[in-house]
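This briefing goes through selected local features of one protein chain, grouped by topic. Please keep the sequence and the model open while reading.

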Amino acid sequence: MAKGKNRGKRLNKRQLTEMLQTFFTQHPNETYTFKQIFKNLNIEQHPVKMLAMDILEDMTWDDFLQKVSDNQYRLNLQGQVTEGTFIRKPNGKNSFIPDGSDKPIFVAERNSMFALNGDRVRVTMMARRQNHIKEAMVTEILKRAHDQFVGILKVEKNYAFLISDSKMFVHDIFIPKRKLKNGKTGDKAVVKITEWPSKDSKNIVGEVVDILGQTGENNTEMHAILAQYGLPYKYPKNVEDAANKINPGITPDEIARREDFRDVCTFTIDPKDAKDFDDALSVRELKKGLWEVGVHIADVSHYVKEGSVIDKEAVKRATSVYLVDRTIPMLPERLCNFICSLRPDEEKLCYSVIFQIDHDANIKDWHLAHTVIKSNRRFAYEEVQEILERNGVKDGTGEAAPHKKEYVGELAKELIILDALAKQLRKKRFQNGAVKFDREELHFDVDEKGKPIRCYYKKSKDANKLIEEFMLLANRTVAESIGKVKKGQKAKTLPYRIHDQPDPTKLENLRQFVARFGYKVKTAGTKGAVSKSLNKLMDDCNGRREQNVIEMVALRAMMKAKYSTHNIGHYGLAFDYYTHFTSPIRRYPDTMVHRLLTRYQEGGRSANRDHYEELCEHSSDMEQLAQQAERESIKYKMVEFMSDKIGEEFDAHISGITSYGIYAEIDENHCEGMIPMHDLDDDYYEFDEKNYLLVGRRHHHKFQLGDPIRIKVANANIERRQLDFTLAD
């Protein structure tokens with residue numbers, strides 16, 4: 001503190017308290033006398049000294065300070081040092097999540113050391129008497145979560161600021177004029193931090209690394225969402241150049257090394273706007289009642305060699321990212337949409353799981369092989385669904401017509417046979433304890449400028465489930481081939497897709513919640529008993545008003561699936577062994593699995609588990625970021641879609657309840673907005689977190705999940721991706 005800064009200055013209690021708090025948190029391990037405190041803070045006036053002594057006593061009583069002797073004080077620390085993740089809140093009620101725990105510990109702003117959201121930090125637990133809130137103090141920032149941020153530039157005469165909506169910052173980012181990269185006021189920019197805040201300066205200083213464009217333009221906003229999560233929005237030229245040098249030709253020698261499926265009936269089924277076809281199905285009858293079904297997956301690892309420049313970029317990305325109006329591919333376009341994509345009437349290299357399967361969907365035999373195929377037809381899901389229905393197959397039932405004399409539509413017989421087999425596979429999966437979640441997905445139709453013109457939910461139908469079941473079968477089978485070993489043997493290294501059992505506390509919350517609607521669900525017992533109980537709940541509430549919210553609360557009880565070389569099985573699918581093998585064009589773990597399976601087929605030793613575990617953790621992290629970016633793009637398009645409907649009224653239902661307001665989803669188009677708590681001015685409402693409801697203190701009126709309400713669109717803030725409603729009545 002500068003000499004003489006407080007000399008002659010009369011400080012009030014709040015100012016002096018802040019000074020003392022800052023002083024002791026900056027010197028956590030030191031003990032000070034009154035005299036030393038006054039000297040360090042340059043306090044000379046007698047009334048201010050007396051006030052400081054009173055405050056020190058208050059701080060001791062509050063357990064912020066520890067009184068060592070009559071006139072000696074130090075910061076009151078428990079001495080417990082731990083590491084974890086810092087969570088910054090815009091209201092200053094920050095928290096710390098210790099490693100291996102999900103329970104937050106309060107961190108006051110004065111004890112945050114200017115840590116930002118997601119930073120890895122070391123903290124010391126602060127001593128607190130019984131019934132006092134548990135509190136931690138950041139003592140070291142171990143690793144910054146981000147060093148690049150997105151926002152809007154505000155350019156002054158000699159300097160500029162980046163104004164960010166990320167709510168991570170106490171202050172805007174200061175940018176020297178020479179570091180602006182020709183940015184102008186109103187531009188969306190990516191800024192790299194060059195100077196972090198410290199005890200000497202609270203400023204964050206940065207430099208512009210990229211100008212994304214003018215705020216509000218579609219490309220600018222989509223790139224901003226990607227940059228916000230540290231995801232790439234353009235492809236490095238050297239990687240594209242490397243892809244352009246790849247020879248797509250298939251030599252006779254390569255064909256001779258592979259099983260030849262070019263003359264077997266083969267087709268792809270994908271979304272109508274897809275270009276990266278990474279899986280195909282083949283089917284032929286071997287004898288009466290026995291079918292050969294081939295699950296053919298693009299042989300990406302044939303073209304992308306481990307350690308190459310393309311591979312290094314794929315590792316970094318780990319996944320393709322699917323925003324509302326575009327795909328940001330993991331691989332360069334020449335590979336994902338052309339060379340590797342299983343396009344019709346083109347010879348393609350695949351890695352295939354070939355099944356022999358009877359009419360009851362029993363697997364009689366199978367093998368894994370590198371193959372060459374030639375797809376006869378590229379189907380969209382809608383086309384396949386239409387063919388199934390035109391041939392009398394009812395959606396969602398076990399009814400099929402595999403023995404019809406006349407079939408309507410191209411490859412109708414093959415599609416109907418595969419549909420019948422898929423339905424039996426699905427039925428067995430649920431009988432074995434798989435959890436049934438058929439959540440609808442929100443989709444947008446956009447015009448040529450990216451503006452949403454329609455907003456709707458898409459439900460998974462038989463055509464989707466046909467593909468899903470055979471992909472699940474292939475993934476499970478190859479995982480079992482490596483992981484399922486004889487007793488006493490050690491399984492070779494493989495990345496698994498694992499899914500832990502539900503959180504018991506959240507399951508109990510679900511049980512109590514659904515009881516209010518008259519439903520029951522088991523929270524204890526065998527894995528199969530709990531999952532079958534969950535499935536019965538899903539069936540019982542299907543089509544009811546409360547279906548959406550019950551599914552949502554049930555999903556919250558589920559753990560997140562992730563990648564790991566340490567297999568614990570997949571709870572949701574009820575598989576003891578499961579991996580990702582079927583989408584190497586868009587997921588890096590699938591490419592890892594392909595390489596390892598090839599290695600083991602050729603007699604290779606087990607790969608380094610630690611190396612692959614690191615890749616698994618990275619892939620899981622990148623998957624989470626990609627999902628967050630996808631949700632942000634949906635929110636943006638939702639707000640953009642509603643921006644010309646301000647003042648209009650809609651029927652809606654309550655989709656979420658928090659301490660700060662009500663989330664409501666419009667029935668007509670599924671757009672979700674919020675009714676802030678301060679707009680509920682007919683009473684003082686209290687939040688009942690356990691039962692997901694708000695209760696009025698005086699009139700006892702309740703707002704609860706699933707309730708129908710009438711809303712009016714109050715505001716659509718595209719910049720904040722925020723939709724505000726008010727109650728229409």
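Gly-249 is partly exposed, because its relative accessible area of 46% falls between the 20% and 50% cut-offs. The model is a predicted one.

**Two glycines**

- Gly-249 lies in the loop that runs between helix 5 and helix 6 (252–256).
- Gly-249 and Gly-433 are 184 residues apart along the chain, and their C-alpha atoms are separated by 46 Å.
- Gly-84 belongs to strand 4, which spans residues 77–87.
- With a relative accessibility of 0%, Gly-84 counts as buried.
- Beyond its neighbours within four places in sequence, Gly-84 is in contact with Phe-96, Ile-97, Pro-98 and Asp-99, and also with Asp-119, Arg-120 and Val-121.

**Helix 5**

- Helix 5 covers residues 237–244, and within this helix Val-239, Ala-242 and Ala-243 are buried.
- These residues span an arc of only 100° around the axis, so they sit on the same side of helix 5.
- The cover over the buried residues of helix 5 includes helix 8 (309–317) and helix 9 (333–339).

**Helix 4**

- Helix 4 (residues 218–228) is largely enclosed by the rest of the structure, because 8 of its 11 residues are buried.
- The buried residues of helix 4 are Asn-218, Thr-220, Glu-221, Met-222, Ala-224, Ile-225, Leu-226 and Ala-227.
- After helix 4 comes Gly-230, which has a positive phi near 70°.

**Helix 14 against helix 15**

- Two packed helices are described by the angle between their axes and by the distance between those axes.
- For helix 14 (residues 527–541) and helix 15 (residues 547–557), the packing angle is about 160° and the axes are 9 Å apart.
- Helix 14 and helix 15 are therefore roughly antiparallel to each other, since an angle over 145 degrees counts as such.
- The crossing of helix 14 and helix 15 is left-handed.
- From helix 14, Leu-537, Met-538 and Cys-541 take part in the contact, where they meet Gln-547, Ile-550, Glu-551 and Ala-554 of helix 15.
- Sorted by class, the residues in the contact of helix 14 with helix 15 are 5 nonpolar, 1 polar and 1 charged.

- Most residues other than glycine have a negative phi.
- Asn-42 is not a glycine, yet its phi is positive, at about 55°.
- Asn-42 is placed in the loop between helix 2 (34–41) and helix 3 (46–61).
- Asn-42 counts as buried because its relative accessibility is 6%.
- Asp-345 is not a glycine either, and its phi is positive, at about 60°.
- Asp-345 is placed in the loop between helix 9 and strand 20 (347–358).
- Asp-345 is exposed, with a relative accessible area of 57%, whereas Asn-42 is buried.

How values were computed
Residues numbered from 1 in each chain as written. Predicted model: local features only at pLDDT ≥ 70, side-chain atom pairs only at ≥ 80, totals over all residues. Heavy atoms only, no water. Axes fitted to C-alpha atoms, helices over the stretch in contact; angles between N-to-C directions. Helix = DSSP H or I, 4+ residues; strand = E, 2+ residues; numbered from the N terminus. Parallel < 35°, antiparallel > 145°, perpendicular 65-115°, else oblique. Left-handed = near helix turned anticlockwise from the far one by under 90°. Contact = heavy atoms within 4.5 Å. Nonpolar A, V, L, I, M, F, W, Y, C, P; charged D, E, K, R; others polar. Buried < 20%, exposed > 50% of the residue type's maximum accessible area, 1.4 Å probe, protein only. Arc of directions from axis to C-beta.
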